Amino acid sequence: MERKIEKLISEMTLDEKLGQLTQEVTNVSSIDKLSKLAEQGMLGSCLLTDTPWAGSVTMEGISVSYLNKIQRAAVEKSRLGIPVMYGCDIIHGSKTIFPIPLAQAATWDYDLIRDAASVMSEEASYDSIHWTFAPMLDICCDPRWGRIIETPGEDPLIGQMFAKASVEGIQGKDMSEKGKLAACAKHYIGYGASSGGRDKDGTEWSDYSLRNRALPAFKAAIDENVATVMSAFNEISGQPATSSKYHLTDLLKGELGFDGFVVSDFDAVKRLTCQGVSDNDETSAVLAINAGVDMDMADGLYKNNLKSAVEKGLVSMSVIDEAVRRVLRIKFRMGLFDNPYADENVSPEEYMKKEYLEKAKQVSMHAMVLLQNNGVLPLAKGTKVSVKGPMAEEKPALLGSWHAEGQADDVVSLGEGIQKINGEENTFVHPCTQEDMYCNDDFSNVYIVAVGESEKVTGEGCTISNIELSGRQVDCIRAAKELGKKVVAVIFAGRPLAITSIVPYCDAILWAWHGGTMCGEAAAEIIFGDFNPSGKLPVTIPRSTGQIPICYNHQRNEYVKAWYSTHHRYVSKDSLSTPLFEFGFGLSYSDYQYSNFEYRFNSACQQAEISFDVTNSGDHEGYEIAQCYICDIVASMSRPVKELKAFEKIHLKKGETKKVTLTLSKDDLSFYDGRGNFVFEEGEFRIEIGKSSSNICFETTEYISFES
Ligand code: BGC
C-alpha cells in the first residue's frame, strides 16, 4: 500500500494534490461542479451538506445515484482514478436514532456503545457515506454548552471507554468491511472547556490539564486505529488548535503516533483570521498546513492559496506530500479503491430493522438514570396513570440534536410507550399547557409528568446561561403534588439541568435524556418494572447554574472546604460545594451489598488488585456498576481529589453474589507532570470502592511502588 501511495504521489500535479486535501460542501445543485472537479482529479472529499449543522438536517436530494455519478467521474474519468471520500455527521444514529452520546456514556457499557456505533455505521453506509465525524471526545463539565450532548461527559476514563467502543463500532477491526466507516475523533483539542460554556470561545487550559483531562480519550481512539482526527475551532491559551504545530504535529502525530489524517473543522482554517493569528486567507492556509491540518473542510483555502504559497516557499512540497500520503493511506485502508460505489438498490427495509430498534431500546434503557424513588416505582402494570407535562407527547426532542436522517414521526413518545406497556385503557395522556398547568383529572392518582428541554437548545451554537427547568415546568410538577397525586417526573434533556426546585415534589425522578427513536418505550419499560434501571451519571448535576463548573474530579481543596464550614456562616456548605446528584450516581429497584473487601499487590502482574463481593439483596434482577476511585495523596503536582480508574458492570439475579476484582496498573496511577512527561511517583494512594463518586463502601490507603 505504501508503495502504491508513493507512486501516486510521484505522478500527481500540485493541483491534484491540493484537490486531495480539500473537502467540498455538497448540495442538490452542486453535482455538475463536483463531477467536473472529480474528473480533473481535484476532489478529495465531499461533506454531504452545505451547512456546519450537517448532523441536524437531512441530505434531501443527495441520493446514492447522485454520489455514484460523482464517484464515477473520479474513478473512471480522472487521470489517476483516486476515489472521493464522502463524509457526514452521523453522531448517534443514521435513521434508527440511539440516545445522544452523553446518554450512551451513562450506560458505562462498552458493548452497547460499540453496538450502537455499529448499527449507525451500517445504516449510513447504505447512503454512500464513507466517513462519519464521530466520536466527539471533548471532556466537558459545563452544561451551559449545548454541545455537551455530544460528549461522553466529564470523566477521562469514561471518555476512553467511549472512544474505543465507538471507534470499534464504526470502523470494526477492518474499515474496508461492508457496513463500516472511517471514524473521526473530534474536536482536537480542548473544545469542551471553552470559556463560560460559550460555543467556540477560547479554552484557558494548561498543558497539565489538557494532557490529564482531554488527551486520554484521543489516545484511546488512536490506540484503536481511528482513521481521522478533526482539529477544533477553539484556541488553547492563545493558540488556535487549527494552527497549533505543537498539538497537531508534535503531540498527535509524533508523540501519540497517529498515522491517519487531520481534517479541519468547518471553515476553521478561514476562521484563523477571526482568532487574530492571520489577516488573510493565504496566511491561514499556510499556518494550518504547516501545523499539521491535512485536509481543509469547506472553506476552500487550501486549493485557492497553497499553490502560490508553495511557489513562494512558504510551504514545502514535502509538507504537502505528507498530507496527501495520509489522506491516500486512509482511502486505501477503507478499501475505497476496490469498492468505490454504493449499492443503488438498497431496500427501505434495510433501515430501522427490528433488531436495530431493539438495540436502540436496550441502549436507551441502560442509559436512563433513576435519580429519586420513594418506593412508588416500579408501578404495577394495569395501574391507572395520567401522562402529563409539556413533553408527554414530545417526539423531536427525544430524537435530540444531530439526529441525521432520524424522523420525529418514527419516535415512540412517552405517552405512546406507556400506553403500549400499560394498556390504553389504563393510560390517560393529557399534556399540560402553559395556560393549564394544573390539568387536573380524576382518572388516576399517579401522574407521570414529562418535562425537560427542547433539542433546539442543545447541540452546536446553543449556549444557555440558565440551566434551571424553563417556563412553567416546575409549576406543573408542584401542581400535580398539590393535587395529592403520586408524582413521577420523567426528564428529557440533553444536558444536566438544575432540577433542585422539583425534587421536593417528586416521588420519583427518571432521567431519560434525549433517548432516541425508542426512548418513550424504554422509559415505560423502566416505569413498569420490565427493566431495572442501572444507568449512572457520566456528568455531575449541579444544584444551580452558579455552581458551574462543578465536577467530581476537581483539584484538591480540603483547606477551602474546611475553612468555609468553620468560618463562613452565611453560605451553607452544601449549596457551595456539593452537587445535586453526583458523578456515578444512579438508583436501582434492587439493593446491592458490597462485602469481603481485599486489597493486594500482585507482583507477578505488577498491578494493585481490589476484590470484593457484590450481592443483589433486592427483589429484581439487575445491573450494578461498581466503581474504583483513587487519590494520589502527595505528588509533585496537586492531583484531583479523586479519579475514576476502574469499574465493572455486573449482572446479578435476585439473591445472587458475584466476586469482582478491579485492577490498577502503573499507567492507571501515573499522570502527566506539566512538562509533558507521563510519570509514576511511588507513594501513598487512597483507593475507594463505591456505588458512585460519593457513596463509598470501602476505603484503604496503600503505599504503592512498581518494579522498573
Ligand atoms: C462542527 C463539527 C462537524 C462539522 C461538519 C462543524 O460546525 O463543529 O463537529 O463535524 O461542522 O458538519
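Where is the place of histidine 187? Histidine 187 falls in strand S5 (residues 184-188), where helices (H or I, at least four residues) and strands (E, at least two) are DSSP runs numbered from the N terminus. The structure is a predicted model, in which local features need pLDDT of at least 70 and side-chain atom pairs count only at pLDDT 80 or more, whereas totals for chains, interfaces and linings use all residues. Residues are numbered from 1 along each chain as its sequence is written, and side-chain values use heavy atoms, with hydrogens and water left out.

The peptide bond that leads from lysine 186 into histidine 187 is cis, with omega near -10°. Histidine 187 is also listed among the closest of the 13 residues that surround the ligand, together with Asp89, Arg147, Asp265 and Glu460; a residue is taken as near a molecule or strand if one of its heavy atoms lies within 4 Å of it. A polar side-chain atom of histidine 187 is placed 2.7 Å from an oxygen atom of the ligand. For glutamate 460, a polar side-chain atom likewise lies 2.7 Å from a ligand oxygen. In the case of aspartate 89, an N or O atom of the side chain is 2.5 Å from an oxygen atom of the ligand.

The domain assignment divides the chain into domain 1 (16-333), domain 2 (352-540) and domain 3 (592-704), the bounds being those of an automatic or database assignment. Between the C-alpha centres of domain 1 and domain 2 the distance is 34 Å. Contact (heavy atoms within 4.5 Å) involves 55 residues of domain 1 and 47 residues of domain 2. The size of an interface is often given as the accessible area lost when the parts come together. For domain 1 and domain 2 the buried area is about 3900 Å², with carbon and sulfur atoms giving 61%; this quantity is the accessible area (1.4 Å probe) that two parts lose on being put together, summed over both.

Across this interface, 22 residue pairs are in polar contact, both residues being at pLDDT 80 or more. A polar contact is a pair of N or O atoms within 3.5 Å; within protein, one must be able to donate a hydrogen and the other to accept it, and residues adjacent in sequence count only if both atoms are side-chain atoms. On the side of domain 1 that touches domain 2, helix H5 (101-105) and helix H6 (110-126) each supply at least two residues. H6 gives the most to that side, with seven residues. The residues of this side comprise 27 nonpolar, 13 polar and 15 charged, where Ala, Val, Leu, Ile, Met, Phe, Trp, Tyr, Cys and Pro count as nonpolar, Asp, Glu, Lys and Arg as charged, and the others, Gly among them, as polar.

Four salt bridges are counted between domain 1 and domain 2, a salt bridge being a side-chain nitrogen of Lys or Arg within 4 Å of a carboxyl oxygen of Asp or Glu. By this rule the overall count comes to 55. Lysine 359 forms a salt bridge with aspartate 115, with the closest N and O atoms 2.9 Å apart. Lysine 359 lies in helix H13 (residues 354-367) and aspartate 115 in helix H6, so the pair ties together parts that are 244 residues apart in sequence.

Further backbone features concern other residues. Alanine 134 and proline 135 are joined by a cis peptide bond with omega of about 5°, and proline 135 sits in the loop between strand S4 (131-132) and helix H7 (156-171). Alanine 298, although not a glycine, has a positive phi of about 75°.
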